[in-house]
Amino acid sequence: MSNFRSVDRGTAYLLPPSVDEWLPADHLARFVVEIVEQLDLSGLRKEYRGSGSQAYHPAMLVAALIYGYATGTFSSRRIEQACYDSIAFRYISANTHPDHDTLCAFRRRFLKELSGIFVQVLQIAGQLKLLKLGTIALDGTKVHANASRHSALSYRRAGELEVQLKGEVQELLRRAEQADSAEARQPLNIPAELARREARLAAIAQAKAEIERRAAERHAAEQAAYEAKVAARAEKAKKTGKRPGGRPPTPPTGGARPTDQVNLTDAESRIMPRSGGGGFEQSFNAQAAVDADSRLLVAARLVNTPVDAKQVEPMLESLAKLPEELGTPDKLLTDAGFFSAANVEHCERRGIVPYIARRRDQHYVPWYERSALPEPLPAEADAVQRMAHRLQTPEGRALYALRKQLPEPVFGIIKHAMRFRQFLLRGLDKTTGEWQLVALAYNFRRLHVLTT
């Protein structure tokens with residue numbers, strides 16, 4: 001006599017099943033639905049005309065997108081399939097099955113509105129006494145763009161290809177004349193070949209125009225910096241009556257450089273060093289500000305420049321726009337990539353105490369140096385000297401040591417637990433919205449941990 005449970009796939013349910021019984025009480029999908037139902041989505045609902053066939057409720061689509069990004073399901077086609085295969089997605093969609101066109105159009109249409117949802121979730125965290133801004137850690141990570149670095153075209157190569165393709169067009173036109181006069185036509189489809197080369201020439205012309213536009217912007221910035229240096233030297237000579245030492249600044253040269261590049265797939269992405277070392281990739285620079293107590297992301301930005309030093313002021317402006325009930329940051333922790341005297345002074349003007357490393361820490365420092373107290377701070381010390389002294393105190397070293405425990409684990413969760421390592425969308429505006437959606441999904445995961 002067997003002792004196995006019966007496997008019966010043919011008997012129907014005596015009563016209709018309830019999707020509410022399908023998941024554990026503390027499941028992340030339940031948490032996402034409960035929080036989304038508390039959000040103000042009136043701005044999204046107003047965009048619907050109310051005519052035509054019945055639309056899926058925006059709250060359900062928002063919950064499906066957030067849960068998808070929180071669990072590594074980013075593609076609209078995979079979310080559509082998960083609404084059939086996954087119990088969690090079937091719970092979120094109430095056993096309905098939105099198709100990938102609906103999901104893709106909704107994400108594309110309301111990507112900017114998700115930034116408002118991001119702030120609402122922070123307000124819910126504040127109401128739950130889980131978030132009060134104080135110490136903030138800022139860092140950046142490179143995220144792969146939806147483009148290959150092998151699709152990048154340099155200005156020199158663009159010129160070479162342009163000459164080559166124009167020569168091929170002339171050769172094809174010559175062959176076309178011969179084929180018209182010959183009794184037997186050649187098997188080559190000359191009109192199709194001409195159209196293909198004309199399309200490539202148009203794409204190359206567009207790429208060259210973009211490179212030249214960037215070169216003009218760079219020249220304007222370099223010219224402004226050159227004029228500022230010249231004016232500073234002239235002012236110094238006027239005050240001292242002597243010729244300033246050193247070489248005078250060299251005026252910048254305009255025009256595109258042969259090595260200037262543009263990516264043909266996503267022109268707004270850039271080749272950047274890969275996070276953690278190991279070569280270069282076509283990427284964006286994703287910035288994140290993390291609250292020290294809750295480990296929640298309180299601000300997220302995306303830029304297409306690899307350097308972090310110019311990201312402190314824009315991030316502080318983003319933090320200043322948060323609702324007053326969340327509090328105001330009073331300390332900022334960042335690594336040496338964000339250091340500049342201007343950033344230190346900007347923090348102090350905003351009433352924020354900066355803890356920014358001026359250089360990379362030396363490994364294996366002797367114990368007596370690590371425990372040594374700093375020299376007394378001179379009365380006429382500037383902002384950078386005050387910060388350097390602060391970082392050498394035991395309290396400053398202990399506070400700055402928290403930096404590695406804040407943004408880096410967040411990026412680790414996003415890239416490994418959530419499996420977000422590459423953008424689906426292209427263009428800086430769209431990828432910025434997608435990065436904010438990733439930050440929103442991370443906050444849902446973090447709030448779920450804090451409340452269970």
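**Getting to know this predicted model**

Me: Let's start with Leu130. Which loop is Leu130 found in?
Reply: This is a predicted model, and helix H7 covers 114–127 in it. Strand S1 takes up 135–144. Leu130 is found in the loop between helix H7 and strand S1.

Me: Is Leu130 buried, partly exposed or exposed?
Reply: To count as buried, a residue has to be under 20% relative accessible area, and to count as exposed it has to be over 50%. Leu130 comes out at 24%, so Leu130 counts as partly exposed.

Me: What does Leu130 contact, leaving aside its neighbours within four places in sequence?
Reply: Leu130 and Leu296 are 166 residues apart in sequence, with 9.2 Å between their C-alpha atoms. Actual contact asks for heavy atoms within 4.5 Å. With the neighbours within four places left aside, the contacts of Leu130 are Ala125, Ser294, Leu447, Leu450 and Thr451.

Me: How many helices and strands are there in the chain?
Reply: Some of them have come up already, including helix H7 and strand S1 on either side of the loop with Leu130. For the chain, the tally is 16 helices and 8 strands.

Me: What radius of gyration does the chain have, next to a compact globule of 452 residues?
Reply: The C-alpha atoms fill a box of roughly 100 × 90 × 55 Å along the principal axes. A compact globule of 452 residues would have a radius of gyration near 22 Å. The chain has 29 Å.

Me: How many disulfides does a search of the whole structure find?
Reply: A disulfide is a covalent bond between the sulfur atoms of two cysteines. The search of the whole structure turns up 0 disulfides. Take Cys83: it is in no disulfide, and the nearest cysteine sulfur, that of Cys104, is 14 Å away. The two sulfurs would have to be within 2.5 Å, and the count for the structure is 0.

Me: Are Cys83 and Cys347 buried or exposed?
Reply: The cut-off for buried is under 20%. Cys83 has 1% relative accessibility, so Cys83 counts as buried. Cys347 has 0%, so Cys347 also counts as buried.

Me: Which side chain of opposite charge is nearest to Glu434?
Reply: Glu434 sits in helix H16, residues 428–451. Glu434 is buried yet has no salt bridge.

Me: Which backbone nitrogen lies 3.2 Å from a polar atom of the side chain of Glu434?
Reply: Leaving aside neighbours within four places in sequence, Glu434 is in contact with several residues, among them Tyr69, Leu111 and Phe420. Leu424 is another of those contacts. The backbone nitrogen at 3.2 Å is that of Leu424.

Me: Why are Arg214 and Glu210 separated by about one helical turn?
Reply: Arg214 forms a salt bridge with Glu210, the closest N and O atoms being 3.0 Å apart. Arg214 is buried at 16%, while Glu210 is partly exposed at 21%. They are about one helical turn apart because both lie in helix H9 (residues 190–240), at a spacing of 4 residues.

Me: What is the N to O distance in the salt bridge of Glu281 and Arg274?
Reply: Glu281 is buried, with a relative accessible area of 18%. Arg274 is partly exposed at 37%. Their side chains meet in a salt bridge, N to O, at 2.5 Å.

Me: Which side chain makes a polar contact with the side chain of Ser269?
Reply: Ser269 lies in the loop between strand S3 (261–263) and strand S4 (270–273). At 2% relative accessibility, Ser269 counts as buried. A polar atom of its side chain is 2.8 Å from the backbone oxygen of Asp266. The side-chain partner, at 3.0 Å, is Gln282.

Methods:
Residues are numbered from 1 along each chain as its sequence is written. This is a predicted model: local features need pLDDT of at least 70, side-chain atom pairs count only at pLDDT 80 or more; totals for chains, interfaces and linings use all residues. Side-chain values use heavy atoms; hydrogens and water are left out. Helices (H or I, at least four residues) and strands (E, at least two) are DSSP runs, numbered from the N terminus. Buried means under 20% relative accessible area, exposed over 50%, partly exposed in between (1.4 Å probe, protein chains only). Lys and Arg count as positive and Asp and Glu as negative; His and the chain ends are not counted. A salt bridge is a side-chain nitrogen of Lys or Arg within 4 Å of a carboxyl oxygen of Asp or Glu. A polar contact is a pair of N or O atoms within 3.5 Å; within protein, one must be able to donate a hydrogen and the other to accept it, and residues adjacent in sequence count only if both atoms are side-chain atoms. The radius of gyration is taken over C-alpha atoms; the globule rule is 2.2 Å times the number of residues to the power 0.38.
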